[in-house]
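Notebook open, structure loaded. I'm jotting down what I looked up, one item at a time.

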Amino acid sequence: MKVLVIGSGGREHALAWKLAQSPKVTRVLVAPGNAGTAHEPLVENVAITAIPELIELARRENVDFTVVGPEAPLAAGIVDAFRAAQLPIFGPTQGAAQLESSKDFAKQFLVRHAIPTARYQTFSDATLAHEYVDREGAPIVIKADGLAAGKGVVVAMTRDEAHQAIDMMLGDSGMDVDYGSGGARVVIEEFMRGEEASFIVMADGKNALALATSQDHKRLRDDDQGPNTGGMGAYSPAPVVTPEIHARVMREVIHPTLAGMRADGLPYAGFLYAGLMIDDAGQPRVVEFNCRMGDPETQPIMMRLKTDLADLIEAAIEGRLDQVEAEWDRRVALGVVLASAGYPEAPRKGDPITGLPSAASDDVHVFHAGTREADGKVLTAGGRVLCVTALGDNVRSAQKLAYGVVENIGFDGRQYRQDIGHRALARRA
């Protein structure tokens with residue numbers, strides 16, 4: 001079997017690495033890939049990103065199925081194009097991917113189908129948005145209504161922060177947000193208290209298969225300080241998601257979402273990521289939807305997956321997820337992201353990376369994200385550069401192993417948090 005993975009980040013490296021472990025997979029093509037995927041056994045990078053060229057590649061190479069990693073090609077309609085060409089692909093259609101590409105679409109959907117979420121209003125007029133903040137007060141959450149690579153959210157603890165966020169998102173700030181055809185908009189939400197968790201499932205339009213739970217660390221610095229990022233580390237499983245809460249999320253969020261999308265004429269197939277806020281009473285509420293695996297959650301989740309990922313994706317494409325199960329390593333997986341100088345505002349590129357492990361290990365893997373190779377050297381090529389992911393019998397042992405490898409890796413201006421997993425450790429204290 002030959003498979004194609006679309007994307008170039010840490011999520012795609014982890015997916016390609018896991019797919020290459022399948023006894024039925026002989027080759028994994030990654031388009032365009034990175035310096036890490038270039039050196040994985042059975043994995044080959046292909047320098048293609050345009051959808052028509054990807055379709056031609058899949059035809060020419062007789063690809064058995066394609067997996068889409070990032071959100072941008074989904075929002076651009078890659079799944080619709082592949083299906084029109086009668087090529088098997090795993091991911092949501094352009095219409096279904098609006099759950100991520102438009103926060104306003106997602107909020108309207110949640111309210112329409114009575115799925116628990118925060119109170120909100122959407123604005124394209126800055127004056128009205130400022131007036132709303134003045135009435136509501138702070139803390140309050142300001143979200144750019146479009147794709148912003150995980151960075152279009154400001155959790156404003158003061159009115160001044162909220163007003164600055166509105167001006168940035170609705171003004172001529174140069175903020176890199178794809179607002180689509182409707183122009184710049186912001187979604188303003190009530191601040192939800194509780195603990196966040198990432199709840200990711202595979203969906204086939206009707207059925208859902210829950211993946212291992214995980215928890216991301218969004219803030220740049222230790223103790224959840226600094227700006228929001230795409231994610232500075234993650235671990236799996238997430239202790240906050242007890243068996244009772246897991247059942248409640250499936251009952252109150254996942255199943256109603258799939259039923260609602262079918263009712264709206266947009267059946268959902270693909271990875272579905274529900275970012276949740278879980279309060280002290282165990283009530284889960286949806287913070288956001290992503291129409292893909294999370295990054296960096298994918299890395300620890302794939303480290304723990306014991307089932308053949310190719311089998312699961314085939315079942316999803318064929319609409320029979322209700323007939324398969326996923327088996328998980330009982331151990332904890334924990335990933336620490338190493339980010340470049342200037343991240344998240346202005347990441348620097350081109351710094352040489354030293355100290356990467358020369359030998360593979362069953363218990364730790366360095367997944368590449370923003371990297372490229374030049375003249376035999378691995379260089380930084382994006383904001384989040386690497387995710388060092390380790391397995392351990394508990395959070396502390398996984399943490400110790402991951403940070404032991406992190407300490408040996410160097411590049412100028414590297415940034416990383418030293419407290420990944422702190423919430424799980426606090427729960428056990």
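I looked up D363 and found it partly exposed, with a relative accessible area of 30%. My cut-offs: buried is under 20% relative accessible area, exposed is over 50%, and partly exposed is in between, with a 1.4 Å probe and protein chains only. This is a predicted model, so I note that local features need pLDDT of at least 70, side-chain atom pairs count only at pLDDT 80 or more, and totals for chains, interfaces and linings use all residues. Residues are numbered from 1 along each chain as its sequence is written, and side-chain values use heavy atoms, with hydrogens and water left out.

D363 forms a salt bridge with R331, and the closest N and O atoms are 3.1 Å apart. D363 is in the loop between β18 (332–339) and β19 (364–368), while R331 is in the loop between α11 (309–317) and β18, so the pair links parts of the chain 32 residues apart. A salt bridge here is a side-chain nitrogen of Lys or Arg within 4 Å of a carboxyl oxygen of Asp or Glu. Helices (H or I, at least four residues) and strands (E, at least two) are DSSP runs, numbered from the N terminus.

How many salt bridges does a search of the whole structure find? I got 27. One of them joins the side chains of R185 and D145, at 2.5 Å from N to O. R185 lies in the loop between α8 (159–170) and β9 (186–190), and D145 in the loop between β7 (140–144) and β8 (153–156), so this pair ties together parts that are 40 residues apart in sequence. I checked burial too: R185 and D145 are both buried.

D295 sits in the loop between β17 (284–290) and α10 (298–304), and R384 in strand β22 (residues 384–392), 89 residues away. D295 counts as buried, at 12% relative accessibility. I also noted a network of salt bridges linking K2, R27, E44 and E61.

**Aromatic pairs.** Rings of Phe, Tyr and Trp (its six-membered ring) pair if their centres lie within 6.5 Å; planes under 30 degrees apart are stacked, over 60 edge-to-face, and the rest tilted. My count came to 4 aromatic pairs. W17 and F367 make an edge-to-face one, 5.3 Å centre to centre with 80° between the planes. W17 is in helix α1 (residues 10–19) and F367 in strand β19, 350 residues apart. Buried or exposed, what is F367? F367 counts as buried at 0% relative accessibility, and W17 is buried at 14%. For F123 and Y132, the ring centres are 5.2 Å apart and the planes at 50°, so that pair is tilted. Both F123 and Y132 are buried.

**Helix α2.** Which residues of helix α2 (residues 51–60) are buried? I listed L54, I55, L57 and A58. Seen down the axis of α2, they fall within an arc of 160°, so they line one face of the helix. (The arc is that of the directions from the helix axis to the C-beta atoms.) The cover over these buried residues includes β1 (2–7), β2 (27–32) and α4 (78–84). Just after α2, N62 takes a positive phi of about 55°.

**T257.** T257 is buried, with a relative accessible area of 1%. Leaving aside neighbours within four places in sequence, T257 is in contact (heavy atoms within 4.5 Å) with L99, F109, I115, L272 and F289.
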